[in-house]
Amino acid sequence: GILKRIVYVVPALPARGAGHVPFGVVIESSEELICLLVDAVGDVLLASQDAFEPPPETLDASAREMIVGTYQFPEALLLVLDSEKVLVLPEADGRSA
């Protein structure tokens, strides 16, 4: 399903020598707490259900599988992620990295 609740957002520890500090966004999904590492956190945006649109055709196939839809704002395009699909790990195929 779609993300149910953001629990909290915390700054992550940057890699040694890195100037950019990512954020950990902790979400509750399927009764689990999961932390997603993100580049930035912006303002809360309010959108009408009437403004919901399907994913753009220009997205590649792998991205389209994880995106439920979009909301277009004057300054940005908000992509709505399917948290269950984003959090699925690829199955091990026996190959080493």
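A salt bridge is taken here to be a side-chain nitrogen of Lys or Arg that lies within 4 Å of a carboxyl oxygen of Asp or Glu. Under this rule, the count for this predicted model is one salt bridge. It links the side chains of Arg64 and Glu57, with an N to O distance of 3.9 Å. Side chains of opposite charge can pair when their charged atoms come close. The two partners may also be described by their accessibility. Arg64 has a relative accessible area of 28% and is therefore partly exposed, whereas Glu57 is exposed, at 69% relative accessibility.

Attention now turns to the strands. Strand E4 comprises residues 67–72, and Thr70 is part of it. Is Thr70 buried or exposed? The relative accessible area of Thr70 is 3%, and because buried means under 20%, this residue counts as buried. Its surroundings can be listed by contact. When residues up to four places away in sequence are set aside, Thr70 touches Ala51, Phe52, Glu53, Pro54, Pro55 and Pro56, and also Leu77, Leu78 and Leu79.

The partner strand comes next. Strand E5 spans residues 77–81 and runs antiparallel to E4, to which it is joined by five bridges. Within this pairing, Tyr71 has Leu78 of E5 as its bridge partner. Leu78 is also among the residues that Thr70 touches.

Conventions:
Residues are numbered from 1 along each chain as its sequence is written. This is a predicted model: local features need pLDDT of at least 70, side-chain atom pairs count only at pLDDT 80 or more; totals for chains, interfaces and linings use all residues. Side-chain values use heavy atoms; hydrogens and water are left out. Buried means under 20% relative accessible area, exposed over 50%, partly exposed in between (1.4 Å probe, protein chains only). Helices (H or I, at least four residues) and strands (E, at least two) are DSSP runs, numbered from the N terminus. Contact means heavy atoms within 4.5 Å. Two strands pair if DSSP finds at least two bridges between them.
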